Amino acid sequence: MANAGYTCIRRTFCWLNILLWLCSCAFLGAGVWLRLSYEGYATLLPDHAALSADSVFLCIGVIGFVVSFLGCCGAWVQSRCLLSLYFMLIILLFLSEFLIGSIAFVFRGGLKRTLANELRFGIEEHYNATDRGSIIAPSVAAIWDNVQMSFECCGVSSYEDWYDIKSWSGKRWVPESCCRPIYENRGILIEGSGDSVLRVDCGRSENPTLWWDKGCAQSLQTWLTDKLDVIGVVGLGIAFAQLFGLITSMLLFCTVKHKKDSDTYKSYSPSIDPQTRPSSWED
């Protein structure tokens, strides 16, 4: 009976780590795809390119790949060394997540200001309306246009973030992607009538009533708030997987230690000689 319980735990642990290994491969693939297809996103934070989405996905993928591989192999070959290494890595991951989460919560105000300042710096120094990049590597301008049209926002905190940037020094202009839907046909706003018709580019009209008045930071925060239920479920799932991995790896570690001792091993199957019993998955 005890041997059957050990086999069940061992199999469950192996399949869980195989599933996590496949998820890690998916993260690695997504990271590589983002690195090749959306390379320009890194330049939104020019001084912190390592925090780009592709780098985060690659990091998560590599860590998950290594940890799940160690866990699966440790349970499969019943290696105490691999299981103990797996246990220590899970502990390290848990402590790192707790530390990062605590620091982010305590200094959330400063982190938000730092992120906003970095984004503004990227706008001021790296935005070039004439550079659209390519499909594989879109430019900063193309990325910001996509973000502003998707979230219906303008600038980081407001449209004033676009004033007097390097691309149009001394001008109070904004990109066309800041225009409200009624003016966003990339065409022309027509003012006046009769012979006094004046064709004015919406983004260069210097008329804030034509632009979105909320910043993208606020829009992104609202979007994340609406997704808190999804974020919570994902967080609980990760916490459960880590807790299960900790408990199961320690159980397997202790059981393997006893199973390799002939006297204790007999308690699992007293009718079978451990020296003649063939090795199989049921072990």
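How many aromatic pairs does a search of the whole structure find? It turns up 11 of them. Before I go through some, keep in mind that what we're looking at is a predicted model.

Let me start with the overall layout. The protein chain has eight helices and two strands, and if you read along the sequence the order goes α-α-α-α-α-β-β-α-α-α. There are 283 residues, and 32% of them count as buried. The accessible surface is about 17200 Å², with 66% of that belonging to carbon and sulfur atoms. If you take contacts between residues at least 6 apart in sequence, 69% join residues at least 24 apart.

So, how far do we trust it? The mean pLDDT is 76, and 74% of the residues reach 70 or more. Confidence is highest in helix α3, residues 80-106, at 86, and lowest in helix α8, residues 262-265, where the mean is 44. Residues 262-272 have pLDDT below 50, though that stretch still has 16 contacts in the model beyond near neighbours in sequence. Residues 279-283 are below 50 too, with 17 such contacts.

Okay, back to the rings. Of the 11 aromatic pairs, here's one: F27 and F57 have ring centres 5.4 Å apart and planes at 45°, so we call the pair tilted. F27 is in helix α1, residues 2-37, and F57 is in helix α2, residues 53-77, so the pair ties together parts that are 30 residues apart in sequence. F27 is partly exposed at 32% relative accessible area, and F57 is partly exposed as well, at 29%.

Another tilted pair is Y159 with Y163, at 6.1 Å centre to centre and 50° between the planes. Here Y159 counts as buried at 18%, and Y163 counts as buried at 15%. Then there's a tryptophan cluster: ring pairs link W144, W162, W168 and W173.

Y6 is buried, with a relative accessible area of 5%, and its C-alpha sits 8.8 Å from that of L251, which is 245 residues away along the chain.

Now the cysteines. How many disulfides does the structure hold? Three, and with bonded cysteines counted along the chain, the pattern is 1-6, 2-3, 4-5.

C153 pairs with C216, sulfurs 2.0 Å apart, and that link is right-handed, with 85° about the S-S bond. C153 is in the loop between α5 and β1 while C216 is in helix α6, so the pair ties together parts 63 residues apart in sequence. Both C153 and C216 are buried.

C154 pairs with C178 at 2.1 Å; the torsion there is about 85°, so this disulfide is right-handed. C154 and C178 both lie in the loop between α5 and β1, 24 residues apart, and both are buried.

The link between C179 and C202, 2.2 Å from S to S, is left-handed, at -125° about the S-S bond. C179 is in the loop between α5 and β1, and C202 is in the loop between β2 and α6. C179 is buried at 0% relative accessibility, and C202 is buried at 1%.

Last one: C73 is in no disulfide, and the nearest cysteine sulfur, that of C72, is 5.8 Å away. C73 counts as partly exposed, at 25% relative accessibility. C254 is partly exposed too, at 34%.

How values were computed:
Residues numbered from 1 in each chain as written. Predicted model: local features only at pLDDT ≥ 70, side-chain atom pairs only at ≥ 80, totals over all residues. Heavy atoms only, no water. Phe/Tyr/Trp six-rings, centres within 6.5 Å; stacked < 30°, edge-to-face > 60°. Helix = DSSP H or I, 4+ residues; strand = E, 2+ residues; numbered from the N terminus. Buried < 20%, exposed > 50% of the residue type's maximum accessible area, 1.4 Å probe, protein only. Contact = heavy atoms within 4.5 Å. Areas by Shrake-Rupley, 256 points an atom, 1.4 Å probe, with all protein chains shown as cover. pLDDT = per-residue confidence, 0-100. Disulfide = S-S within 2.5 Å.
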